[in-house]
Amino acid sequence: MKWVSILVLLTSCLIEIGLLCGLFTNEWIKEKEYHLGIMRYCFDTIADTSCHKVTDILSDLKDWLDAVKFLSIVSCAWFGTVLLMVLPSLCYEKCTGSKAVVCTSIVISIWCGLQSAVVIIFITKIVGSLSTSASGFGWSLYVVIAVLGLSLIILITQMISGCCCQDGCCENRATVGVASGALQFRQPPDDTSVKVGENVLITVLVDNANKVSWFKGAVRVISYSTSHSEEFDKNKGVATLAITNARFQDDGEYTCTAEKYGISKTEQRKFRLHVLPVKPEFKQELVDKSVNIDDQLQLEAIVLQAESITWQHDGIDISHLKGKRKILFRHGKATLKICNATLNDAGEYICKAISKGATQNEVETTSICHVTVHDGNVTNKYKNSNINFHSLPTLNEH
């Protein structure tokens, strides 16, 4: 812990001790016959000292005394609560720079308002009613006034420091946790591609940063998905964004934001993450078929990781053609059925499996087979055959 944090702790403890002294001691006013505080009124005699509730003795000032007592309790509770909350965070780097100046100024301003009300009400309403001069003030009241003065000095210092930081003239001051030097990306993030379901690690190098955050749009990525994780090594200037089991929803534009405390400075770099679909894989390829005219032709293939399939016959897409063809694709099994095959159904068939990503990314793979249709009346009759059967000799010619 650096000297600034130690000084803040010591000053805060002194202020809290002063507040407690003012609340529980009875030396706000000190006269020969009596002395009192905001809770007790004590009579001083040669033999003994007897104390009573101050409101029982000064019943006409009960409302003002209750107001002073209530404000003092709130003041102690407020400052004590804030001190307990600040203690763990003094060792944390976020509690530095202009943001800490503003927060601390607000805390001290609220406390100064409470304690100022205590002092003003007590002196103007209570002391004035008792006709007590300044010589009758006890040490408890002086402690409260001194603590208030110390807090006002701290508040003024904080406000001046805050204005200075906004103008940038205190950029190089010794602030806890503030990196020195210019904030810059030594290695900015690059556009990255990853297949769906795979892991990806994006690394940047940044100099003189206290914090590095990653956003998609206006939302910090770690706030909406547990598959995203951030790490930042301040000493090495290495920041990483890890995405496990990438989804199509992760596709898009990201922003890496580096922040330097104390001068309200940030640097941003944008990059694109492309989540690519996995290329479909044919577990069972199409096989060549040979059928007779009027028989049923059925082609089958099994494909993995495909979202849709299309069929082509001799380079023509037949996926949307109606008629005797029937196309099915269920649970990775692609089927083409043709009833009453004809010679025109012979040729090359292509089954194309397609997988699409979140944007325009699309990958595909194909399986090819050839179909032969035989005429039942003539052996080895093929579509588009170059054999001229009319040129063959007949029995009558011999």
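Is strand β11 (residues 238–243) mostly covered or mostly uncovered, and how many of its six residues are buried? I found β11 mostly covered, with five of six residues buried, where buried means under 20% relative accessible area, exposed over 50% and partly exposed in between, for a 1.4 Å probe and protein chains only. I noted that this is a predicted model, in which local features need pLDDT of at least 70, side-chain atom pairs count only at pLDDT 80 or more, and totals for chains, interfaces and linings use all residues. Residues are numbered from 1 along each chain as its sequence is written, and side-chain values use heavy atoms, with hydrogens and water left out.

Next I looked up the partners of β11. Strands here are DSSP runs (E, at least two residues) and helices are runs of H or I (at least four), numbered from the N terminus; two strands pair if DSSP finds at least two bridges between them. Strand β7 (residues 200–207) runs antiparallel to β11 and is joined to β11 by six bridges, with Val200 partnered by Ile243. Strand β10 (residues 228–233) also pairs with β11 in the antiparallel sense, over six bridges, and Asp233 stands opposite Val238. I saw that β10 and β11 form a hairpin with four residues between them, and that Gly237 in the turn has a positive phi of about 70°.

Finally I checked Trp78, which I located in helix α3 (residues 62–89). I recorded Trp78 as partly exposed because its relative accessibility is 30%.
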